[in-house]
Amino acid sequence: MANGITAQRWKALLDKVRKEQPDLYQPWFASLQAGTLAGGTLTVDARDSEKAYYLDSSCRRAFAEAAQAILGRLVAVEFVDPTAGTDAQPGLTTPARELPPDEPIKLSPTYVFENFVVGPGNRLAHAASIAVAENPGMSYNPLFIHGSVGLGKTHLLQAICHGVLAHKPDARIYYFSCDSFINHFITALAQNAVHAFRSRCRHVDLLVIDDVHFLTGEREHTQEEFFHTFNTLYQAQKQIVLSSDCPPSEIPDLQDRLVSRFNWGLVARIDAPSYETRVAITRRKARQRGLDLPEEVCSFIAAKVQSNIREIEGAITRVQMQAQVEGTDPSLELARAALDGPPEAAPDREVSVQQIMDAVMVRFNVRLADLQSKKRSRSIAFPRQICMYLARKLTRHSLGEIGGYFGGRDHTTVLHACRTIEEAIANDARLEATIGQLAEGCRNNGAT
Ligand code: ADP
Ligand code: MG
């Protein structure tokens, strides 16, 4: 038998599965073929996607245990789908429909490696990203980067895309936020265009999905789709890069098999930047904007804003605006005035709805127009509901007035939003913390 396992052992292995797991065993197992045995993994040619699906979802363990018994050592088993990439998959055999043409991949031109400041908190994630960009599919697969908000995950993910395109301009890249993946899939389902969706995201050289923690609580078939997309690409040795705000095992309600797959490659955490890194980042960001910040101002900003680089950018903007208003160069004194705020900006001043929107827009990466639109996709409706909830908690506006800020919605919608978020908070400590931070941020900024 091919590459490392004899025909005799393979037969013994199948016999063992049949004996130990009669419920799982299927007559067609006899036609399966063992592939390679390398690096502690035995690959099995699953013949077609439907069989691969069955084997992978139900029989992985049975085969691994049998392999272990026959070969006398720990062996993982991989079922290889030879039709991978042809989109054959059970359950969802819809007539193929076309999707609208692909939008060109949207990358920020500034999210490149050259603009990324490396420090102790992100060294591993950065090094792994470079390795992946230079050798997609060959170094760490998947690469899973996690860290809290504003620490550079999206920057690194996009830098990988830029890097791959620099080496191979015609590389096919599927780069999306997890929310977009979910929305596209759900739309494709509704439009009977699942085949087109699959062929779009599975015939790629690089799959990059940002913020996979949004898979939390997604319905079974969405995680299922994600799982198969992952498998297809992984088996074809295509690079997969994922980001999340927590490690795979801490994403609530994520199927175990996804957790385990996300852990297959390299999981790299980004920690909050050190003081030195923050100074370097402040310097770099100011230079990128053509702003000449004296060293002492960079140090002041770095000392003042400790947790999150997006906030460092906000601080630079405030200093820049203050300098413009005063028509002077940014000095330490001016930075103090801009960032410490006037003394009367006490925490007990009322927060404005605008401030809440600003904070939520940054945290959830949505636009004002979206918050005020009629769009009901989760990625927009959820932040909008959080805005309404915070507006109710932190301002004295009536339900109807709050609705007015969000595209003229009526008071029942606002009430519903408040209840939804209260319920969500009760079940999700992380969300509670996020909303707590948003509220605190708004309170501390005070209304202007
Ligand atoms: P996340 O996706 O983790 O929430 P982002 O990648 O959106 O964070 O980063 C927020 C901002 O901080 C971006 O403008 C990004 O360019 C910047 N940033 C984060 N880390 C670094 C870094 N190490 N060097 C330079 N800029 C950084
Ligand atoms: Mg991000």
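A crossing of two helices is right-handed if the near helix is turned clockwise from the far one by less than a right angle. The exercises below apply to a predicted model.

**Exercise 1.** Describe how helix H15 packs against helix H18.

Solution.
- Step 1. Two packed helices are described by the angle between their axes and the distance between the axes.
- Step 2. H15 covers residues 378-394 and H18 covers residues 429-445; their axes lie 11 Å apart, at an angle of about 55 degrees.
- Step 3. H15 is therefore oblique to H18.
- Step 4. The crossing of H15 and H18 is right-handed.
- Step 5. On the H15 side the contact residues include Phe-382, Ile-386 and Tyr-389, and on the H18 side they include Leu-431, Ile-435 and Arg-443.
- Step 6. Sorted by class, this contact of H15 with H18 holds ten nonpolar, no polar and one charged residues.

**Exercise 2.** Describe how helix H13 meets H15.

Solution.
- Step 1. H13 spans residues 353-364, and its axis comes within 9 Å of that of H15, crossing at roughly 145 degrees.
- Step 2. The crossing of H13 and H15 is right-handed.
- Step 3. Val-353, Ile-356, Met-357, Val-360 and Phe-364 of H13 meet residues of H15, among them Pro-383, Cys-387 and Ala-391.
- Step 4. The contact of H13 with H15 consists of twelve nonpolar, no polar and no charged residues.

**Exercise 3.** How many disulfides does the model have, and is Cys-201 buried or exposed?

Solution.
- Step 1. A disulfide needs two cysteine sulfur atoms within 2.5 Å.
- Step 2. The count is zero disulfides.
- Step 3. For Cys-201, the nearest cysteine sulfur belongs to Cys-178 and is 12 Å away.
- Step 4. Cys-201 has a relative accessible area of 0%, so Cys-201 is buried.

How values were computed. Residues are numbered from 1 along each chain as its sequence is written. Chains are lettered from A and ligands numbered from 1 in the order in which they are written. This is a predicted model: local features need pLDDT of at least 70, side-chain atom pairs count only at pLDDT 80 or more; totals for chains, interfaces and linings use all residues. Side-chain values use heavy atoms; hydrogens and water are left out. Axes are lines fitted to C-alpha atoms, for helices over the stretch in contact, and angles run from 0 to 180 degrees between N-to-C directions. Helices (H or I, at least four residues) and strands (E, at least two) are DSSP runs, numbered from the N terminus. Angles under 35 degrees count as roughly parallel, over 145 as roughly antiparallel, 65 to 115 as roughly perpendicular and the rest as oblique. Contact means heavy atoms within 4.5 Å. Ala, Val, Leu, Ile, Met, Phe, Trp, Tyr, Cys and Pro count as nonpolar, Asp, Glu, Lys and Arg as charged, and the others, Gly among them, as polar. Buried means under 20% relative accessible area, exposed over 50%, partly exposed in between (1.4 Å probe, protein chains only).
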